[in-house]
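Student: Can you walk me through this one? I'd like to start with the strands.

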Amino acid sequence: MTTQAPASSALSGDPRFSGLFEAARALQPKTVALRRQLHQHPEQGLEVPATQAAVLHALDGLGLRVHTGEAVGSVIGVLKGARPGPTVLLRGDMDALPLQEDTGLPFASRLEGTMHACGHDTHVAMLASAAQLLAERREELAGAVVFMFQPGEEGHYGAKRMLEEGLLDVTDRLPERALALHITSKESSGVLRTRPGPIMASANSFTVKVFGRGGHASNPSDALDPVPAAAAMVGALQTVVTRRISVFEPTVVTIARITAGTTSNIIPETAELQGTLRTLSESSRETMLAEIPRVCAQIAAAHGCTTEYTVDEGYPVTINDDDVAARVHDLAGAVLGANHSSVMPNPLMGAEDWSYVLREVPGAMAFLGACPPGLDPADAPANHSNKVQFDEAALPHGVTTYAAFALDALR
Ligand SMILES: [Zn+2]
Ligand SMILES: [Zn+2]
């Protein structure tokens with residue numbers, strides 16, 4: 001990906017992409033209208049009936065074969081090109097987050113306590129417009145495009161559920177390439193960023209419950225105090241990262257919540273730690289998932305206490321295929337301009353269930369900058385903030401990138 005200049009210039013004159021950005025711009029009123037409709041009516045989790053209906057409406061009349069999920073509120077649209085060929089998969093996730101919007105936008109969420117703060121409303125709108133754009137160019141396509149509208153990205157394993165419901169079997173050939181875009185307020189508007197290899201971390205949430213014996217705070221020798229045991233665990237877990245994980249393998253353990261006790265003169269019976277583990281490789285993830293309960297149990301034993309440990313399944317590391325990521329970078333440079341495509345120096349330690357799809361299909365995730373005008377990306381409220389805003393002028397860049405990716409794969 002360091003030698004993007006020759007590839008980009010070779011692609012920029014490619015007639016397959018001529019007029020593509022202009023076509024995406026022409027769809028902008030539709031893209032924005034759908035985005036704002038979803039923004040006003042956000043839905044969380046795996047069941048998103050109003051969003052699902054809006055997607056079905058947007059795809060209506062495009063000549064796609066449409067599947068809806070059985071146990072989840074997904075929509076899959078299949079566009080068959082004029083000639084046979086491979087399958088390419090494009091994803092937009094659909095769900096919102098549990099927080100109260102505070103943007104003051106005229107199309108702000110009308111549902112108290114729910115907000116499209118991760119921009120998934122823009123993903124749906126961009127993917128629906130890409131479907132229309134590609135349907136209009138069906139004659140140019142040799143193969144099929146699968147449009148994956150996914151609920152439940154925010155911790156609900158929606159992508160995994162769609163895989164279990166046969167996402168990859170909707171065409172007779174397994175997808176050969178896949179792309180998901182994610183909007184971000186922390187990058188200049190219209191700039192696409194991706195990288196080869198790991199792009200987002202694995203995420204596991206865990207809980208360690210420490211059991212001791214309660215008593216009077218003035219007489220600790222008569223009790224088994226779980227508080228100092230829990231405190232020792234917090235420090236020890238940081239040491240585990242530096243002693244058990246290679247210095248070249250970024251790993252984060254954060255204890256984000258500690259609870260114990262009721263007042264100042266009682267030694268409580270239990271203490272509880274809650275934390276998150278983030279890694280960029282499955283091997284360091286496995287190591288830490290074994291070390292966290294082992295170290296905590298043995299520290300507890302040293303204090304005469306015991307532990308109970310629980311951990312969720314967690315999202316895997318999101319790993320871009322090197323070649324696909326390089327192609328996305330080059331394509332974005334060609335269709336959006338070289339100054340609108342850049343390589344991320346580092347992955348993000350956030351997580352994505354797109355990781356499940358990338359374990360099955362060579363593909364990529366890329367970030368689309370949408371920092372609001374007049375703001376420095378460094379100062380813009382981030383995704384998941386109650387104040388986050390996205391520049392809608394970036395949406396045609398995403399529509400164009402999705403379409404170019406499919407046209408390129410199905411030539
Ligand atoms: Zn999110
Ligand atoms: Zn998201």
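Student: How many bridges join S5 to S16, and do they run parallel or antiparallel?

Tutor: Seven bridges join S5 (residues 175-184) to S16, and the two run parallel. Strands here are DSSP E runs of at least two residues, numbered from the N terminus. Two strands pair if DSSP finds at least two bridges between them. This is a predicted model: local features need pLDDT of at least 70, side-chain atom pairs count only at pLDDT 80 or more, and totals for chains, interfaces and linings use all residues. Residues are numbered from 1 along each chain as its sequence is written.

Student: Which residue stands opposite Ala364?

Tutor: Leu179 does.

Student: And what about S6 and S16?

Tutor: S6 (residues 192-194) runs antiparallel to S16, with two bridges. There, Arg193 stands opposite Phe367.

Student: Is S16 mostly covered or open?

Tutor: Mostly covered: seven of its seven residues, 363-369, are buried. Buried means that 20 or more other C-beta atoms, placed from the backbone, lie within 10 Å of the residue's own.

Student: Which residues sit on each side?

Tutor: Gly363, Met365, Phe367 and Gly369 are on one side, and Ala364, Ala366 and Leu368 are on the other. In a regular strand, side chains alternate between the two faces of the sheet.

Student: New topic. Where are the domains?

Tutor: Domain 1 covers 4-199 + 317-409, and domain 2 covers 202-311. The bounds come from an automatic or database domain assignment. Their C-alpha centres lie 39 Å apart.

Student: How many residues make the contact?

Tutor: Five from domain 1 and eight from domain 2. Contact means C-beta atoms, placed from the backbone, within 7 Å.

Terms used:
Chains lettered and ligands numbered in written order. Buried ≥ 20, exposed ≤ 12 C-beta atoms within 10 Å, placed from the backbone. Helix = DSSP H or I, 4+ residues; strand = E, 2+ residues; numbered from the N terminus. Contact = placed C-beta atoms within 7 Å.
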